[in-house]
Amino acid sequence: MGKITGFMEFDRKVEGYAPVEERIKNYKEFTEPLKESELKNQGARCMDCGIPFCHSGCPLGNLIPDFNDAVYQGKWQKAAKILHSTNNFPEFTGRLCPAPCEEACVLGINEDPVSIENIEKNIVETAFKNGWIQPEPPSKRTGKKVAVIGSGPAGLATAQQLNRAGHEVTVFERDEKIGGLLRYGIPDFKMEKNVIDRRLKVMKKEGIEFKTGVHVGVDVTATELKQDFDAIVLCGGATVRRGLPIPGSDLKGVVQAMDFLPQNNRKVDGIPYKGEELTAKGKKVIVIGGGDTGSDCIGTSIRHGAASVTNFEIMPMGTTERPEGQPWPFWPMRLRTSSSHKEGAERVFSISTKHFNGDKDGNLKSLVTVQVEWVTTPGQRPILKEVAGSEKEWDCDLALLALGFTGSETTIADQLGLEMDPRTNIKASVANYKTNVPGVFVAGDQRRGQSLIVWAISEGRQAAHHVDAYLMGQSYLPLKGEGDLPRV
């Protein structure tokens, strides 16, 4: 695959960024694309591996060496067909996925891995630019009706696959627009929302019906769904936010990230939002949580005009190299620095927040932390230990809690009588995505817990196969590793 000696001739190269002082003035995407010749060289770096471990690193099983080779040869339409055979929405993953495929790249054992994610993004953008992605409604309908609850990546993938099988698919979304956390959780500077709308236009022309502003379990009951549809697929995500149960957490100025980010996305999109404006302008902001959501809060706060932004992470500072015990091709827990971190945030590791302090009017004014260390004992889970005498008070006007999610909401699950696991995810077999209630399936974060966009799409595709088989007795929709009929 690629050029036989390409990995020896060309160094890894990815998109650049617009200067910080320019990009923080707006919410536009700020990457600077590579030239086509440079992208071909990056495709040429893909080795002729005996076993392409990138396949197993990718939750979708993308045929990575194949589309890399097509890019190297300048066969972009062929590359787009290959890419779409396993991935419904490479324009999402090409922007937002942390690229576990690259960590599993054979070249990455002793060199920089192939820039797979960047190649993927450019393939799909070239396909849209040249009009190769067109609606392809099914040639015939089965007469079966399926309700998909939730319009994030799992729901969208489920809907598109089931529509391809000929079923009549209706997607229910309680928010104003389709997209789930793609629209309301991901800042526009990481993915502008016209990227979602462009794909939705195709899906609507393929015959998928979208109903927004409909809260299933409230506006539409489980009984109504079971009466109107032959199958139901729950793709509502893991939306219950993790709190920080310490003194002062009810002060004004202690805000959940998933209140702060969706409001800002609505403002950028011109959508009215409820409640008081949440702004970081002129404030000393502390973001508690070191993951992607924390990074998104940092970039958004800086664009608001925060006086300062500090990021707390309870884990110790990672290494830039693979840690011991996490060998290739496994995903390593190494230090990752996002574009938002580079825009002016201070990062503090091995730190835990003890309590928030407020003024007489209930406004947040400061917080107190303590340094921590993780004590490990062979055969046991690490124990968090506070470092004596390390307490410190930090001035803070706005504390953003980016601590992840604890599970899914239970309204519709309760109405349907579904079994839940101890993490409040809906129980379903990974073998067929069926719940304990016949005709009800679940996919994505609502089944596996908080995870990656690429996993959500994979779950949606897998679930669709089993829903189709349930309705028709068998399914020709592909499972992971089988690929799909060309859709471009």
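Visitor: How many helices and strands are in the chain?
Guide: This is a predicted model, where local features need pLDDT of at least 70, side-chain atom pairs count only at pLDDT 80 or more, and totals for chains, interfaces and linings use all residues. Residues are numbered from 1 along each chain as its sequence is written, and side-chain values use heavy atoms, with hydrogens and water left out. Helices (H or I, at least four residues) and strands (E, at least two) are DSSP runs, numbered from the N terminus. The chain has 18 helices and 18 strands.

Visitor: What is the radius of gyration of the chain?
Guide: The radius is taken over C-alpha atoms, and the globule rule is 2.2 Å times the number of residues to the power 0.38. For 488 residues the rule gives 23 Å, and the chain comes close to that, so it is as compact as a globular protein of that length. Its radius of gyration is 23 Å.

Visitor: What share of the residues in the chain is buried?
Guide: Buried means under 20% relative accessible area, exposed over 50%, and partly exposed in between (1.4 Å probe, protein chains only). The chain has 488 residues, and the buried share is 51%.

Visitor: What is the distance between the end C-alpha atoms of helix 9?
Guide: The expected span of a helix is 1.5 Å times one less than its number of residues. Helix 9 covers residues 116–129, which is 14 residues, so it should span 20 Å. The model agrees: the ends are 20 Å apart.

Visitor: How many residues of helix 9 are buried?
Guide: Helix 9 is mostly covered. The buried residues include Ile116, Ile119, Ile123 and Phe128.

Visitor: Which residue just after helix 9 takes a positive phi?
Guide: Look just past the end of helix 9. The phi there is about 70°. The residue is Gly131.

Visitor: Is Asn425 buried or exposed?
Guide: Asn425 sits in the loop between helix 16 (411–416) and strand 18 (440–442). Contact means heavy atoms within 4.5 Å. Leaving aside neighbours within four places in sequence, Asn425 touches residues including Gly407, Glu419, Asp445 and Arg448. Its relative accessibility is 1%, so Asn425 counts as buried.

Visitor: How many residues apart in sequence are Val454 and Cys58?
Guide: Val454 is in helix 18 (residues 453–472). At 3% relative accessibility, it counts as buried. Val454 and Cys58 are 7.9 Å apart in space, C-alpha to C-alpha. In sequence, their separation is 396 residues.
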